[in-house]
Amino acid sequence: MSSLPTVYLVGAGPGHPGLLTLRAVECLQQADLVLYDKLVSSLVLEHAPAAEKICVAEIAPHHDQRVVPIHEAMIAAARAGRRVVRLKGGDPYVFGRGAEEAEILHHAGIPFEVVPGVTAAVGAAAFAGISLTHRAFASAVAFVTGHENPHKPESVLDWNVLARFPGTLVIYMGMSRIDRIVAALVSAGKDPQTPAAAVHAATLGLQRTVTATLGDLPQRVREEGLTAPALLLIGEVVKLRRELAWFERRPLFGKRVLVTRPRHQAGALVQRLLDLGAVPYVLPTVEIRDPPDWAPVDQAIRTLQQYDWLVFTSANGVQAFLNRLEKLGLDLRALGKLQIAAIGPKTAETLLGFHLRADLVPARFQSEDLAAELLTRIKPKQRVLLARADRGRDVVRQQLSSVCAVEQIAVYWQVDAVETDEEVMNALRRGEIEFVTLTSANIARSLLERLDTTCLRRIQASEIKLVSISSVTTAEVNRLGYKVVVEAKEATIEGVIQALIGII
Ligand code: SAH
């Protein structure tokens, strides 16, 4: 028995991060090193927050010379006792050279496990509405590589046989040889009228599908400017698309949307955007930190009995306050008979996660409304503890302090994010990202301060469209000299989503 850790050869699926298997997630979560293919989405890599992540294109830029250095990196890391995940697009054993890697590991005496993934053909079939088999149209399916030159004698593939294949043909890596592939099939007797499709970036919001007869497909693909990675699907089943292409009908299909929330809070919005067919980009503009000094918070927590109301103006505040309470060795009983107010549904939901029910949530989710409703409930002489960020608007304290005693504690710090993702920045500069969601005034300010003139000009010209969560956020954008294209009716993530759908 080897004592070396197992190397995992994991299929990452065709692109959509939700198409990962549970086993793949388990492997990623415990990995020390992830060696990933270039096509793997960054959202998939988020399952391995602690691991070192290396794109194999960095190990060796040239595709042909990559194999040996990847093998060496994998073996060296495993021998050093690191848990390695070799993450490959689609399925490792479908045109993924996974078997070569497994053989090398076997010969090196390193234990391995292979985790299957959703291969591109299966992903494209589902998301482009082209069932690979069908009782009426296709009883077989063939996965074929288009990487070989059909006219070269050394080609292992017999295109004459493929032309007579009684079912659906799916050709991987065929885009650069599409003319030769179609010519080979047609000259071997395949009907040029056979329905055919090319699907680019299947399962992602970037997915593009071109359909034509087999004979016309190369021309149509060129007209549409379709590029790799793409699959060619050939067979009667392509006709099913007319009724089955559910994904391309999603309300935000193909729309590129920037999410600017802190990374740990971006998930829900990203998920919703993916579900609606959009292409989410993440560029956190603010970050949440612990306060540099817990003393004022601890003092308030230790003397909670003196307060009547505990007020939260964010989900982050709830999390930070209750985590601290627990760290101090206390539990929910410390809250005793305190009444609790939450600024909005997300804050209330976070409280519920701790089994606490908010006594007050205002009808509109902003500070003015929270203060106004508190004023109708608070009795003179009562004491209010306001748990919030170190910065932000001072409305609640100001409005309450004329009536009662308000103590304010900063349970977390919000700072402007320093790290910049150049890929996302470039997508903004090039005008690829059309929509930018702004989910707080601070986020709006932080973003507008860090963008360069190219991006700012695009905002002025409405090529980049700002979507605001609330009137407070809109006011901040206006103060900085910009305009939003739409403001959410309700100050929630779902409100932002609905506003976005409304302007498509
Ligand atoms: N192991 C992978 C295939 C790797 S070969 C799998 O099982 O899917 C790379 C080829 O896969 C690309 O040239 C393209 O033809 C296809 N491919 C991969 N991802 C794709 C996607 N999201 N959409 C369309 N084609 C894709």
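Me: Leaving aside its neighbours within four places in sequence, which residues is valine 395 in contact with?

Reply: This is a predicted model, where local features need pLDDT of at least 70, side-chain atom pairs count only at pLDDT 80 or more, and totals for chains, interfaces and linings use all residues. Residues are numbered from 1 along each chain as its sequence is written, and side-chain values use heavy atoms, with hydrogens and water left out. Contact means heavy atoms within 4.5 Å. With neighbours within four places in sequence set aside, the contacts of valine 395 are Ser367 and Glu368.

Me: Where is valine 395 found, and is it buried or exposed?

Reply: Helices (H or I, at least four residues) and strands (E, at least two) are DSSP runs, numbered from the N terminus; valine 395 is found in helix α16, residues 395–401. Buried means under 20% relative accessible area, exposed over 50%, and partly exposed in between, with a 1.4 Å probe and protein chains only. Valine 395 has 11% relative accessibility, so it counts as buried.

Me: How far apart in space are valine 395 and leucine 370, C-alpha to C-alpha?

Reply: In sequence, valine 395 and leucine 370 are 25 residues apart. In space, their C-alpha to C-alpha distance is 9.3 Å.

Me: Which domains does the domain assignment give, and how far apart are the C-alpha centres of domain 1 and domain 4?

Reply: The bounds come from an automatic or database domain assignment. That assignment gives domain 1 (7–117), domain 2 (121–245), domain 3 (256–285 + 417–503) and domain 4 (289–416). Between the C-alpha centres of domain 1 and domain 4 the distance is 45 Å.

Me: Which residue in β15 stands opposite leucine 310, and what is the hand of the crossover from β14 to β15?

Reply: Two strands pair if DSSP finds at least two bridges between them; β14 (residues 309–312) and β15 (residues 339–342) run parallel and are joined by four bridges. Opposite leucine 310 stands isoleucine 340. The chain passes from β14 through helix α13 (residues 315–327) to β15. A crossover is right-handed if, with the strands pointing away from the viewer, the path from the first strand over the helix to the second runs clockwise, and this β-α-β crossover is right-handed.

Me: Why do the buried residues of α12 line one face of the helix?

Reply: In helix α12 (residues 295–302), the buried residues are Val297, Asp298, Ala300 and Ile301. The arc is that of the directions from the helix axis to the C-beta atoms. Seen down the axis of α12, the buried residues line one face because they fall within an arc of 160°.

Me: Which exposed residues does the face of α12 turned away from its buried side carry, and what covers the buried residues?

Reply: The cover over the buried residues of α12 includes α13, β16 (383–389) and β17 (405–416). The face turned away from the buried side carries Gln299 and Arg302.

Me: Which strands stand at the edges of the open sheet of five strands?

Reply: The strand order is β12-β11-β18-β19-β20, with parallel pairing. The edge strands each have a single partner strand, so one side of each is left without a neighbour in the sheet; they are β12 (279–282) and β20 (486–487).

Me: What kind of aromatic pair do tryptophan 246 and phenylalanine 247 form?

Reply: Rings of Phe, Tyr and Trp (its six-membered ring) pair if their centres lie within 6.5 Å; planes under 30 degrees apart count as stacked, over 60 as edge-to-face and the rest as tilted. The structure holds seven aromatic pairs. In the pair of tryptophan 246 and phenylalanine 247, the centres are 5.6 Å apart with 65° between the planes, and the pair is edge-to-face.

Me: Where does proline 229 lie, and which residue does a cis peptide bond join to it?

Reply: Proline 229 lies in the loop between α9 (217–223) and β10 (230–234). Omega is about 0° for the cis peptide bond, and the residue joined to proline 229 is alanine 228.
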